Amino acid sequence: MEDLTVPIKVPTEQERYEETEGNTAECDEFLPHPETGKKSTRFMDFEGKTSFGMSVFNLSNAIMGSGILGLAYAMANTGIILFLFLLTAVALLSTYSIHLLLKASGVVGIRAYEQLGYRAFGTPGKLAAALAITLQNIGAMSSYLYIVKYELPLVIQAFLNIPEKSGEWYLNGNYLVIMATVVVVLPLALMKQLGYLGYTSGFSLTCMVFFLIVVIYKKFEVPCMLPSTGNSSLPGEAEQEYTPSYEEYTHEVLPDQCVPHLFTVNSQTAYTIPIMAFSFVCHPEVLPIYTELKNPSKKSMQHVSNISILFMYIMYFFAALFGYLTFYENVEPELLHTYNRIDPFNTLVLCVRVAVLIAVALTVPIVLFPVRRAIQQMLFPNKTFSWLRHIVIASILLAIINLLVIFAPNILDIFGIIGATSAPCLIFIFPAVFYIRIVPREEEPMRSIPKILAACFAALGVAFMLMSLSFIIIDWSSGGGRATGGH
């Protein structure tokens, strides 16, 4: 706790802001706390109730996203060694970014991303952080519900052994995504404390472990190789007119088509780098989870972050490796669709698709919590907690996201742009500049090594942003659909 209580002098206006923030019951959205009289409420005054293990589950679930389904495709376009190098670099950078956030929050004793923005740059900093969190997480939630919309009807169709889609309502993705939102997502999103979602996060991670086990198993069951049949069978696209039979996959194997490549550079390689760079986005959830951690300290929360990132690093690598070693260059941008080309009615693959659907549905409430907090900070910064407001904000957010998923089929292209701008801000730029502004010069001068590293980290974020935007714009101008902003 020593590094969490470094006293610094702050302007009177900021002291008044922090005291108001600390005493608003809306802060209890993440953790209720006892009354402390006239004493200014600080981060350390909150009694965390979430165990270390549950915190790891929640943060791991926040890291894990639908992007895990596309990492095998990324490996096919980078090669095994280059993929491993990039994944390791991104994991280490994400760990360092969380370190900057925790160090800055420990210096001033505040517990929300937006409040760090206010302390560093005043109201513009708070609004910028809140806006970035809102856009990034709404994009992530939309991508999760898109998976539900397009995968759940196919799963039901396969379980009922219906060869072609009919007009039945239970095969309509629009109805199903609304039902999943109302029955599963909304009740979990209405919980007052983020720590309660540790159980659902643990179950969600179990589903993804099952996914990984099946991917490894399928490597030794699926023969080499799949033929290249032209357009990928992506969600929402028309099915191909001809689907080869299972026996047709085993003939005419060329010598180099079932050989893994250690290094690969092609026209798609550059597009995979932004996808991997954003594969560990969890920063808006770090401070809320930190707040609810039992016996919180920077060291214990850093351990939570390190374990969560390591766990997802292992899952990401093995899911990509065995998915790639199953299909090699024929792997599709969405791994499950590649299995679907072999046998769409395979029971084990169907179970995996159900597990992935459950996992992404249970991730939505985790991602929604910081968005609601950000909206509260922008619109009602000094209001006391209200269950009505708590419920209404969550309901409106989910309603908007459902409308986007149902009526805007190309909205993911827009969120590709949003992800390419908000994600670098949340991962690289904001943690670095907040750290530089908040940590006192008496403790770390501007020319000290930690602040120089933080400045370089922010510059790296700007480079990632420009690179991602360039790839997306080039992709749009060429009429392609390769660039994706993902979580």
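A salt bridge is a side-chain nitrogen of Lys or Arg within 4 Å of a carboxyl oxygen of Asp or Glu. This tour begins and ends with such pairs. The structure is a predicted model, in which local features need pLDDT of at least 70 and side-chain atom pairs count only at pLDDT 80 or more, while totals for chains, interfaces and linings use all residues. Residues are numbered from 1 along each chain as its sequence is written, and side-chain values use heavy atoms, with hydrogens and water left out.

**Stop 1: a network of charges**

Select Glu444 and Lys103. These residues form a salt bridge whose closest N and O atoms are 3.2 Å apart. Glu444 lies in the loop between H15 and H16 and Lys103 in helix H4, so the pair ties together parts that are 341 residues apart in sequence. Helices (H or I, at least four residues) and strands (E, at least two) are DSSP runs, numbered from the N terminus. Both Glu444 and Lys103 are buried; the term buried means under 20% relative accessible area, exposed means over 50%, and partly exposed lies in between (1.4 Å probe, protein chains only).

Is Glu443 buried or partly exposed? At 36% relative accessibility, Glu443 counts as partly exposed, whereas Lys103 is buried, with a relative accessible area of 14%. Together, Lys103, Glu443 and Glu444 are linked in a network of salt bridges.

**Stop 2: the whole chain**

The chain contains 16 helices and zero strands. Of its 487 residues, 56% are buried. A contact means heavy atoms within 4.5 Å. Among contacts between residues at least 6 apart in sequence, 83% join residues at least 24 apart.

**Stop 3: helix H13**

Select residues 347-379, which form helix H13. This helix has 33 residues and reaches 48 Å from its first C-alpha to its last, close to the 48 Å expected at 1.5 Å a residue; the expected span is 1.5 Å times one less than the number of residues. Where does H13 bend? The bend is at Leu368, by about 25°, and a proline, Pro370, follows within four residues. Such a bend is the angle between axes fitted to the seven residues ending at a position and the seven starting there. In H13, 26 of the 33 residues are buried, so this helix is largely enclosed by the rest of the structure.

**Stop 4: helix H2 and its surroundings**

Next, select residues 52-63, helix H2. Its 12 residues reach 17 Å from first C-alpha to last, close to the 16 Å expected. Nine of the 12 residues are buried, and the helix is mostly covered; among the buried ones are Met54, Val56, Leu59 and Ile63. Which helices do the buried residues of H2 pack against? They pack against helix H8 (198-219), helix H10 (283-292), H11 and H13.

Move to H11 (residues 298-327) and pick Ser300. Ser300 is buried, with a relative accessible area of 15%. Leaving aside residues up to four places away in sequence, Ser300 touches Phe52, Leu293 and Asn295.

Continue to Tyr328, in the loop between H11 and helix H12 (335-342). The phi angle of Tyr328 is near 55°, a positive value in a residue other than glycine. Tyr328 is buried, with a relative accessible area of 8%.

**Stop 5: Thr272**

Select Thr272 in helix H9 (residues 269-277). At 2% relative accessibility, Thr272 counts as buried. Thr272 touches Ala74, Asn77 and Thr78, not counting residues up to four places away in sequence. Show Phe83 as well: the C-alpha atoms of Thr272 and Phe83 are 9.4 Å apart in space, although the residues are 189 apart in sequence.

**Stop 6: a last salt bridge**

Finally, select Lys218 and Glu221, whose side chains meet in a salt bridge (2.6 Å, N to O). Lys218 counts as buried at 6% relative accessibility, whereas Glu221 is partly exposed, with a relative accessible area of 35%. How many salt bridges are there by this rule? The count comes to five.
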